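Student: Could you walk me through this one? I have not looked at it before, so please take it slowly.
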Amino acid sequence: MNNGITLIDVSGQPAREQTFWPTVVLRRAIIEAEIERLASIDRPVDGRRAAAVNHPMNTGPVPAFAPGIDVHIVVLKPGEETVPVLRNSSSVDMCIRGSATVSNGGMPFQVEKYDVWNTPSMHPVVYRNDGNDLFVRLSYSNTPLLERLDVHYSSPVEGARQNGDRPSEPHVVQRSARDAAVPIPIGQDGAQLMGYEWLVDIDTIDSKVLHWPWKDVAPHLDQVHNLDLSYTGRHLYVLYNPATERRIGTSHSFFATIAKLPPGKVDKPHRHTSAAINYIMWGHGKSVVNGERIEWEEGDLHFSAPGWSIHNHASREQGFMALTIQDHPLHIAMESLLWQETLKSPITKLGSEQGIETNLTAIGG
Ligand SMILES: [Fe+2]
């Protein structure tokens, strides 16, 4: 009896050819129509009026716009409030219309158009629309990967562990068991044996909701916008969450960047194993992704870089601003972030090999 388990001969089998999901654009008019539809339906039990953006190549198990990233268009009508849920997925959100109060266990804060914030895993938040317009946000999460692994934990807050149960004040860490489990060196290169205590009592880092208000971010974008056209980097800032440390993320899985490109900027074709989704906040431009040309403009949502496909983006006579979400920190954690800055550059494993130098100092940026 083998209980249905089979053995598959893979001896000498070549590597599987990877499938690149094609670049696609969800147009502003479709997004706006969906927002109106969501506003017209009966209020769902959990208060969450949401549409998941599903790429035509996605095979599930849940809707996704990149293989490891979902994007939900979430609508809250004036006076409505969401029901908090505990999940082990994490998200990055951008408000694209209206305003709301976000309560997260700490000080509530107000979000408005183009504000960005993150929601850590197992950290329920409540949204309340106390304005007069619809509150609309784009919510990006790592749910598709957790669902693929069949470990997406989701539970009502009631009866589950609540955020408030955890000590909010700094406290003395009791670590006598781990201290007693003294590591044993093996060989000369750092290999060790460690006791179980090291698996279940790992060093912690404070993971909290951070908020990047548009009014505080926008003035700084002139700095990158004004960089010379000969700049070899990208005209952007990453919205950095210190909890992600050297992985330079906004959540533990994604970085969010806001780019402001000057007119007439054409990035060099490049590729990276991280996948990218752009939301065009202002202006317009065009891309070539895996040989396919595509144009986009304000209000469009662009699946702009399938992992490891060659791509570049260009502004036109206006320039543009865009929010980019990319599963870059996730890949650094997995040691799988391959990066090729130009097609003549070597393929670099970012995070454990020497990174890439731009000409920022040479152009006096
Ligand atoms: Fe890119």
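Student: Are histidine 272 and histidine 311 buried or exposed?

Tutor: Histidine 272 and histidine 311 are both buried, where buried means under 20% relative accessible area, exposed means over 50% and partly exposed lies in between, with a 1.4 Å probe and protein chains only. Please keep in mind that this is a predicted model, in which local features need pLDDT of at least 70 and side-chain atom pairs count only at pLDDT 80 or more, while totals for chains, interfaces and linings use all residues. Residues are numbered from 1 along each chain as its sequence is written, and side-chain values use heavy atoms, with hydrogens and water left out.

Student: OK, and what are the protein donors of the iron ion?

Tutor: They are His270, His272 and His311, each through its NE2 atom, and they lie 2.1 to 2.2 Å from the iron ion. Donors are N, O and S atoms within 2.8 Å of the metal (3.2 Å for Na, K and Ca), and since water is not among the atoms, sites may look incomplete.

Student: What spacing do these donors follow along the chain?

Tutor: The spacing is H-x1-H-x38-H. Histidine 272 in strand β17 (residues 271-272) and histidine 311 in strand β21 are 39 residues apart, so this pair links distant parts of the chain; strands here are DSSP runs of E with at least two residues, helices are runs of H or I with at least four, and both are numbered from the N terminus.

Student: Switching to pockets, what volume does the second largest pocket have?

Tutor: Its volume is about 940 Å³, taken as the space filled by probe spheres set on grid points that are joined across faces, edges and corners. A pocket is an open set of points on a 1 Å grid over the protein atoms alone, where a 1.4 Å probe fits, with protein on both sides within 12 Å along at least five of seven lines, and lining residues have an atom within 4 Å of a point.

Student: And which lining residues are closest to its centre?

Tutor: Of the 33 residues that line this pocket, Arg234, Leu236, Phe255, His328 and Trp339 are the closest to its centre. Strand β21 gives the most to the lining, with six residues.

Student: What about salt bridges, how many are there?

Tutor: The count comes to 18, a salt bridge being a side-chain nitrogen of Lys or Arg within 4 Å of a carboxyl oxygen of Asp or Glu. One of them joins glutamate 335 and lysine 349, whose closest N and O atoms are 2.7 Å apart. Glutamate 335 lies in the loop between α7 and β22 (338-340) and lysine 349 in strand β23 (residues 348-349), so the pair ties together parts that are 14 residues apart in sequence.

Student: Which others should I look at?

Tutor: Aspartate 222 and lysine 260 form a salt bridge with their closest N and O atoms 3.2 Å apart. Aspartate 222 is partly exposed at 37% relative accessible area, whereas lysine 260 is buried at 17%. There is also a network of salt bridges that links Arg175, Arg178, Asp201 and Asp203.

Student: Last topic, what order do the strands of the open sheet of six have?

Tutor: The order is β2-β3-β10-β5-β8-β14, with antiparallel pairing, and two strands pair if DSSP finds at least two bridges between them. The edge strands, β2 (49-52) and β14 (211-212), each pair on one side only. Within the sheet, β5 (residues 91-97) and β8 (residues 116-119) pair over four bridges, and serine 91 stands opposite threonine 119 in β8.
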